Amino acid sequence: MSDSIGVAVIGAGMAGKAHMAAWRNAPSLFGSTLPPVRLVSVGDVYEPLAAEAAARFGYARHDTDWRAVADADDVDVVSVVVANRLHREIVEGLLAAGKHVLCEKPLSDSLTDARAMASAAAAAEQHGVVGRVGFTYRRAPGLASIRQLVQDGTLGRVLHVSGRYWTDYGSSPDVPFSWRFAGAPGTGALADVGSHLAYVAEFLAGEIQSVNGGTFTTAITKRPVAAGFALRGQAVPLTGESADVENDDYASFSARFGDGSVVGSLEVSRVATAHPNGLVVEVFCERGAARWDQERPSEIGLALQSDGSRLGGYRQVVLGPDHPYVAGGMAMDAPGVGWGQNQMFEYQARAFLDEVTGNTTDPLPANATFDDGVHNMEVLDAVARSAAAGGASVLVATAEGATA
């Protein structure tokens, strides 16, 4: 791998395509000194999708079985971007084959599997094999900038945080049943977008120690069954049958962060009409407040108490080269140019390549570990237990089964 790095992506859906593009573009970021990256394979059980994606993004071939990727001598790095319940078998197989693995969040659909994956990653790391989880929003320049303002004292200590991640991909009852609508309570909107919101809140306010007020709602209880392979957002023939939705369309909870003195409220939905990707986070601090909105990703709102009441209130701060990730991280790294979630995947991929190659020349912050991924799922599990107990306060469990 010293001469070049061969990459593959398993899963050719929407997020998989973001990974494919990211591996292609990552070497061009930040004056890269990385070895050449070879785009080797796109893997998906639905061959037409795998073939189309491989051709579109310039990968040399496509495969329909992840084992072919694991066995391939020309593959060094693999993104795993498939249904959560499939992660464990694929990730453990790839790690055992010596492949460096970047796995999408959440790590799995069960804590048992997630903890087993973390153990496998720890064992693989003893042999120089890297396993990491993609917490993509940590790479948002706006969120990284707010974190910086908290840590350097500009905003000061966080008092409380508010966040919501509203999406509408399930808002129509005509959307066909898929794996996203199957599974226990907590594996729906909470696992899908709530996993993002949880780690984003922790990125700004510290680790979640306990949750309370867990609430789940399934607003659309039945969905039509597709006849054949159903791509998200595309019309597909139906069988005329329907399937019961098993998990949550909406979830909300409150949390305590750090030593318990910082509190927050978090809300997620997949049935929020008119909000295709509505992640909004707001932190209130000793010296002011800050706000970031995924629908306006190239700016933050900033309010400082030092401005006084006459000039108080949020002001728009347009992000640019003075903020994290921008300088050198964009082809046009100038204020007001704009960027979005696709660039976050590129920063994530570049950070992974930095770590795999041992790059010490201004490497980006490392991606989340599998242990971080387990903690993320422990938070989601605590929310599910709170909801099952009528909103009771629940401590976040540790890997040993104790409480944090």
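Val45, Tyr46 and Phe229 together form a nonpolar patch on the surface, with about 300 Å² of accessible area between them. Such patches gather residues with over 30% relative accessible area and no salt bridge, nonpolar side chains (Val, Leu, Ile, Met, Phe, Trp, Tyr) being joined within 5 Å and like charges within 9 Å. A salt bridge here is a side-chain nitrogen of Lys or Arg within 4 Å of a carboxyl oxygen of Asp or Glu, and accessible areas come from the Shrake-Rupley method with a 1.4 Å probe, where for residues only the protein chains shown count as cover.

This is a predicted model, in which local features need pLDDT of at least 70 and side-chain atom pairs count only at pLDDT 80 or more, while totals for chains, interfaces and linings use all residues. Residues are numbered from 1 along each chain as its sequence is written, and side-chain values use heavy atoms, with hydrogens and water left out.

| Residue | Relative accessible area | Class |
|---|---|---|
| Phe229 | 39% | partly exposed |
| Tyr325 | 12% | buried |
| Asp362 | 69% | exposed |
| Ala122 | 41% | partly exposed |

Some backbone angles also deserve attention. Most residues other than glycine have a negative phi, and most peptide bonds are trans. Tyr325, however, has a positive phi near 75°, and this residue is found in the loop between strand E16 (315-318) and helix H8 (341-357). Asp362, which is not a glycine either, has a positive phi of about 50° and lies in the loop between H8 and strand E17 (368-369). A cis peptide bond, with omega about -15°, joins Lys105 and Pro106, and Pro106 is placed in the loop between strand E5 (100-104) and helix H5 (111-125).

Note on methods. Helices (H or I, at least four residues) and strands (E, at least two) are DSSP runs, numbered from the N terminus. Buried means under 20% relative accessible area, exposed over 50%, partly exposed in between (1.4 Å probe, protein chains only).
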